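The paragraphs below take the interfaces one by one.

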Amino acid sequence: MSAAARNGNSRHGVPVRLDRLQKAYEGTLVVEDLSLSVEAGAFLTLLGPSGSGKTTTLMMIAGFVPNSGGEIYIDERPVGRVPPERRELGMVFQSYALFPHMTVGENIGFPLRMRRRPRAEIGRKVAAALEMVKLPGYEERMPRQLSGGQQQRVALARAIVFEPRVLLMDEPLGSLDKKLREHMQAEIKRIQKELDMTVIYVTHDQQEALSMSDQIAVMHNGRIQQVGPPAELYDEPVSTFVADFVGESNFVSGTATAIENDGTVEVRHQSGRIFRAHGHAAVTPGMPVVASIRPERLVLVSAADPGNGFNLWTGRIGEIVFLGDAVRYRILFGEVALTVKTQDREIGAQARIGDEIGVRWRPAHTALLDDPSAL
Amino acid sequence: MKTRLEHRRPRAHRLSRRTLLQGVGIGAGLAAAGTLPALVSRARAKTAGKVIVRTGGGAYEDALRKAIFEPFTAATGIEVQPFATNVAKIAAMVEAHDVQIDVADLGEFTTVTFEKRGALEKIDRAKFKRTNLADIDSVTDYYIGENTYATVMGYNTTAFASKHPRNWAEFWDVKRFPGGRMLEDMSAEFPNLEFALLADGVPMDKLYPLDVDRAFKKLREIRPHITKWWTSGAVSAQMLASKDVVLGSVWNGRILALMDHKAPLAIEWNECSRQLQTLCILKGAPNLENALAYLDFALQPKPQAEVAKLVGYGPTNKKAFQFIDAKLAARLPTSPQHLKIGFTTNARWWVDHRAEVNSKWQAFLLGE
Amino acid sequence: MQPALAPIPAAEERLSAALAARRGTRSSRTILLILPALLFLGLFFAYPMIDIVMRSLSGAGGFSLAHYGRLVAHPIYFRVFQITFEIALTVTIVTLLFGYPLAYVLVHCGRLAAGAIWACILLSLFTNILVRTYAWMILLAPDGVINQLLGAVGLGHQKLLFNRFAVLVGMTYALLPYMVLTLYSVMRGIDGTLLQAARNLGAGGGRAFWHVFLPLSLPGVVGGSLLVFILAVGYFITPRLLGGAGDQMIAMVIEEQVELGMDWGFASALAILLLLLTLAGFLLYSRFVGLKSLFESKL
């Protein structure tokens, strides 16, 4: 603990590091060999489907679930054997976990009361925290009198009022409707910036993860699949799981036939169609590969002149779905199909199902995955 | 197939009645009520009618069935339907003018209470053909004594091997006869005021009307040595058996049962009090003639002797002892040798004074 | 005072307005739904109650206050009421002291242990009260198992039977299941994440219990205590069999008046007084503690 943190004036997040963390329930590993570093003041999201071990990991960090192996470091101090009340972590629960028998003010003041702060200071800090979450003057309300969104804000205020160095959030926006959720995402980011906290955020909502995080760790079956900034995860997924879970993707398998000077890989699909993909260090000619192409990277063109440096396949329109902000096409190429998502409604206005159409995309937008065998 | 069914019917009938009484559930009660009329009319058509007799249930009812019900039906063709119920239920029937029983087998205190409330049918003595009522002392206009049990002094023979208290004055003598004692609580039946007065020197034939205050004064003397005022026959037996007490008043049937199981206990019959079990006919009885026939049959010497053999109650018909051997007579409250040394509880006095005694008894229990 | 969240309260208002509009048809349906229960209560509860009141107010020649006069003339019956409430209150406190930890363990222990504890609790509930009480008579007897154990550890023989102690043991045993069942159902409904939240916010295990679990379990404490107290006030078999002369409870007197004395008027007067005193206690309680705590199992 830094000197500043000890005297309560710290407004800086601290790093969190997980080192080969394990959790076994009745012989089954639900979190396996998990190592992860979160920089001071960073916003890291654990993203994964239910059962992926992300919540268990968060519970281990909070201290509610003892870890079976490995260690947790907060500010480089091992806390694996420290009881939850002494870990000094803020936490927002999925169910908010507001104490139903206490007023909003008592709820938010609770962590300060537990720390035996003077009454005047508690009152002042509670008011400030309510101000921070934009609920000034709500001290005397009971939690049941508040809407879901307001309860969420109170839960957030309670988690930050004692100025924790790290804030844990377990699907905090899961039960809010879409509009409010987007609003709260921005609020959380704003408060994180203001207080400069390290945030570890758990969600299964990839959109939420992409929009809020500095770093995303995608989890699957108790393991981390990939860690990186949102754009990297999106553009360069290392596995079909990541590519599929984060955003939407087309997967095309084939065999690497040649590697060009700039590293671009030429791939031949078993139908004989050829495309070029962004370089990948591990690929050598003759290897089976899988490429991931985002639907919005595909462009529909008339079959004529595609221009240089692009992949171009010609197929037929199988399906047209109007999404509002975009149109999704399913283009058939024999036994392969590609999904195309475009905001260009000009094409859609003329296109009919069964029409012949060209699909064009850049090799740079064609990521070769690490695990072709997984497809 | 048909005979088997008819054989079963009365039994099922009795069971459903009992279910109703035990208050298991309204559903069961309604079901029983629904099936009753059909069963009753069927039974009436087949026999010379029936008579419904209230008993206390249990072993006593089993004895009555063997000694009286079955021979009665054989002799008269009248079917006996036992109706096991508590006193409160009969009182409720009387109050609601919905009497479903003919003959009630009740303690004298209860019978007198019903008599005073005008709930009993006057007994037509001219109708008695089998029983000579002159052989029975306890014949009144509204009820006749059926049998007798006694409250006796029971003691532990290991505690009092050589000498034991032979009267209630000696029961009060805790120096000569040390050891834990018990006496009857009012919630069992009667508090033992008579015994206290006997201990205080009142002659047995001058007990009534009881000098209640004098009795309580005497009871206060023995109070510190009373382990418990027994609140039911079962409790008194339990206390004697587990040596909670070595001396106490107890119903003769209870202590005899323990003695038959080789418990180290004995009875001092001297100054025992007798309580009468009576037969009466309820006003509005649905089968009045059959009820009288039942009384006439049940009070004969032979059935009385049979009941005595089976459950140890003393017959009221003196001729019954012609059928009783000396060994059994020694166990019965009404055998000639015991009649002389005991007294009969005056149920009429108790009916008139029970409320007054009750208030004093509560105060006495709480140390006043 | 609703910054940045305007859409939500507005939507809620619209919703509640819509609900209010439907309330009219709903209330008549509600009456239909509770009608059978009302009829049942009227027939099998209100009518007998009225009958008891009438009985207590009638004497030989019609209306009479004689039964209440008898009560006033003999203050000893008030002493019996006092003992009744003393015993009932003690039993309530003891069942609470035993029942609270038991229910707490039941909520938090493994399935196997919980099954075993439930079996014990429910077995006692399903055993006939006479059988249970006689079992205690045998256990507490001068040469019973408990006295033998006391003798073996050098505490000598104690008088365990036919006194207040035996009554409390017997009644606590009989009424404990009601306390545990009530507490359990309330504790079961307490959200476990609230305790996690308390721990996370800096409360140790003890303080999390004190500030969060205990207050949230209070409706169970109040409900269980009330249930046990009201049941205890009406007990007569256990005190009659296990108690001594000083352990007179009012239901014993009432039962004696009904079964032996056949004085139903006086019995009714005693029953009415018991009801009134219990209600008075209930009102006093609600005056100082508040009825809300009673009926709000979830705050």
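How many residue pairs are in polar contact between chain A and chain C, both at pLDDT 80 or more? The count is seven. A polar contact is a pair of N or O atoms within 3.5 Å; within protein, one must be able to donate a hydrogen and the other to accept it, and residues adjacent in sequence count only if both atoms are side-chain atoms.

Some ground rules come next. This is a predicted model, in which local features need pLDDT of at least 70 and side-chain atom pairs count only at pLDDT 80 or more, while totals for chains, interfaces and linings use all residues. Residues are numbered from 1 along each chain as its sequence is written, chains are lettered from A and ligands numbered from 1 in the order in which they are written, and side-chain values use heavy atoms, with hydrogens and water left out.

Stay with chains A and C. Here 36 residues of chain A are in contact with 26 residues of chain C (contact means heavy atoms within 4.5 Å). The two chains bury about 2,700 Å² between them, with 63% of it on carbon and sulfur atoms. Buried area is the accessible area (1.4 Å probe) that two parts lose on being put together, summed over both. Three residues, A:E85, A:H101 and A:M114, supply 21% of the area that chain A buries against chain C, more than any other three.

A:E85 also takes part in a salt bridge. Its partner is C:R199, and the closest N and O atoms are 2.8 Å apart. One salt bridge is the count between chain A and chain C (a side-chain nitrogen of Lys or Arg within 4 Å of a carboxyl oxygen of Asp or Glu). On the side of chain A that touches chain C, β6 (89-92), α3 (104-114), α5 (148-160) and α6 (178-195) each supply at least two residues. Helices (H or I, at least four residues) and strands (E, at least two) are DSSP runs, numbered from the N terminus. α3(A) gives the most, with four residues.

Now turn to chain B against chain C. This contact takes 37 residues from chain B and 34 residues from chain C. The buried area is about 2,800 Å², and carbon and sulfur atoms give 60% of it. Two salt bridges are found across this interface. B:E95 forms a salt bridge with C:R55, with the closest N and O atoms 2.4 Å apart. There are 12 residue pairs in polar contact between chain B and chain C, both at pLDDT 80 or more. The largest share of the side of chain B that touches chain C comes from α15(B), which gives seven residues.

Last, look inside chain B. Chain B is divided into domain 1 (4-148 + 275-344) and domain 2 (151-273); the bounds come from an automatic or database domain assignment. The contact takes 13 residues from domain 1 of chain B and 18 residues from domain 2 of chain B. These domains bury about 1,300 Å² between them, 59% of it on carbon and sulfur atoms. B:Q275, B:R331 and B:F343 supply 56% of the area that domain 1 buries against domain 2, more than any other three residues. Which residue forms a salt bridge with B:R331? B:D260 does, and the closest N and O atoms are 2.8 Å apart. The count between the two domains is one salt bridge.
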